[in-house]
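Here's a quick tour for someone who likes cut-offs spelled out. Have a look at the model first, then read on.

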Amino acid sequence: MMNERIVIIDEVDPHVFYGVNNCNISLIRNLFPKLRMAARGNVVKVIGEDSETADFEAKLKQIEAYAVKYGSLTEDVIIDIVKGDPPRAKNADGVIIFGQNGKPIAPRNANQARMVESFKTNDLTFALGPAGTGKTYIAIALAVAALKNREARRIILSRPAVEAGEKLGFLPGDMKDKIDPYLQPLYDALEDMLPAIKLKEYMESGTIQIAPLAFMRGRTLNDAVIILDEAQNTTTHQMKMFLTRLGMNGKMVITGDVTQIDLPRHTRSGLLQALSVLKGVKGIGRIEYEKKDIVRHPLVQRIVDAYEQREAADMAQAGKELKKEE
């Protein structure tokens with residue numbers, strides 16, 4: 001008996017699933033010669049014997065699951081799944097997630113690996129260190145992995161909108177336009193890990209939310225991974241407010257560089273206070289990155305070294321001048 005079956009493919013980027021010039025879907029059509037098939041958007045319609053369309057749906061869902069996990073799809077994988085053979089899995093040792101085009105995202109140094117372990121074993125992790133160590137990137141990768149594995153229902157990403165040399169009031173546009181430049185690094189990381197269509201869907205549904213710290217007040221966030229970036233620029237009140245947003249089945253990651261505080265003079269950093277107040281509290285991890293952990297362009301580490309040497313020299317000179325005045 002002929003039967004029509006509709007399969008919804010909604011977990012994977014269509015570009016990955018269908019392939020270049022629909023090559024993947026053409027291959028699937030050829031591997032099921034007894035079935036009539038039409039694919040449009042995220043809907044695949046198939047007509048044939050009931051047992052064959054049921055097998056087709058099961059195999060298509062397996063193909064989709066592979067593409068979601070690894071972020072890529074090849075002809076060999078499709079053929080293996082349709083034949084009933086185990087697909088040729090990629091080496092996933094130490095990989096947090098497979099990002100765009102199957103790019104493996106994994107720890108690149110010992111401290112990044114410690115951060116991954118801390119995230120697994122603690123509900124709150126502080127990741128401290130200089131720019132370029134990948135602390136924010138790894139935090140977002142862990143959050144995306146938790147979302148994909150259904151260990152979390154939402155990702156909340158936040159940053160304090162502190163004016164580091166620029167004045168918000170002089171930037172063009174409405175408040176969202178003024179705030180977005182502060183949040184752009186978070187968008188950049190997400191775009192590296194999720195297909196554009198899926199990211200847009202998550203943003204529109206509120207599954208992923210990116211907002212300045214002020215928008216967190218009054219919220220309790222259950223079943224969520226919450227990340228606060230550039231936390232050195234929070235005030236003590238902001239930090240306490242943020243820490244108390246953590247809800248049931250939630251995890252929180254706080255990243256910051258205590259050497260890059262842009263707060264007004266005489267305003268104490270909430271990150272520094274939190275590190276002192278929460279020292280030794282059970283369920284809180286602390287990872288401290290160093291200059292040797294910088295994973296950006298090699299020049300970045302040399303730039304950091306040069307600035308530190310200049311600051312040390314300036315402090316020494318200031319000390320000499322103070323002694324002369326005495």
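What follows covers the aromatic pairs, one serine and its surroundings, and a sheet with a helix across it.

This is a predicted model, where local features need pLDDT of at least 70 and side-chain atom pairs count only at pLDDT 80 or more, while totals for chains, interfaces and linings use all residues. Residues are numbered from 1 along each chain as its sequence is written, and side-chain values use heavy atoms, with hydrogens and water left out.

**Aromatic rings**

- There are 4 aromatic pairs in the structure; rings of Phe, Tyr and Trp (its six-membered ring) pair if their centres lie within 6.5 Å, with planes under 30 degrees apart called stacked, over 60 edge-to-face and the rest tilted.
- One of them is Phe-17 with Tyr-18, an edge-to-face pair at 5.6 Å centre to centre with 90° between the planes.
- Tyr-66 and Tyr-70 make a tilted pair, because their ring centres are 4.5 Å apart and their planes stand at 50°.
- Both of these tyrosines, Tyr-66 and Tyr-70, are buried too.
- Tyr-66 and Tyr-70 sit 4 residues apart in helix H3 (residues 50-70), so about one helical turn separates them; helices (H or I, at least four residues) and strands (E, at least two) are DSSP runs, numbered from the N terminus.
- Ring pairs tie Tyr-66, Tyr-70 and Phe-98 into a cluster.

**Ser-118**

- Ser-118 belongs to helix H5 (residues 110-121) and is buried, at 6% relative accessible area.
- Gly-285 is 167 residues away from Ser-118 in sequence, yet their C-alpha atoms are 5.6 Å apart.
- Setting aside neighbours within four places in sequence, Ser-118 is in contact with Thr-125, Gly-285, Arg-286 and Ile-287 (contact means heavy atoms within 4.5 Å).

**The sheet**

- An open sheet of 6 strands runs in the order E8-E7-E9-E10-E6-E11, with parallel pairing; two strands pair if DSSP finds at least two bridges between them.
- Strand E8 (208-212) and strand E11 (284-288) are at the edges with a single partner strand each, so one side of each has no neighbour in the sheet.
- Strand E7 (residues 154-159) and strand E9 (residues 224-228) run parallel and are joined by 5 bridges, and Ile-155 stands opposite Val-225 in E9.
- Helix H9 (residues 236-243) lies across strand E6 (124-128), E9 and strand E10 (251-256), at about 155° to E10; axes are lines fitted to C-alpha atoms, for helices over the stretch in contact, and angles run from 0 to 180 degrees between N-to-C directions.

Note on methods:
Buried means under 20% relative accessible area, exposed over 50%, partly exposed in between (1.4 Å probe, protein chains only).
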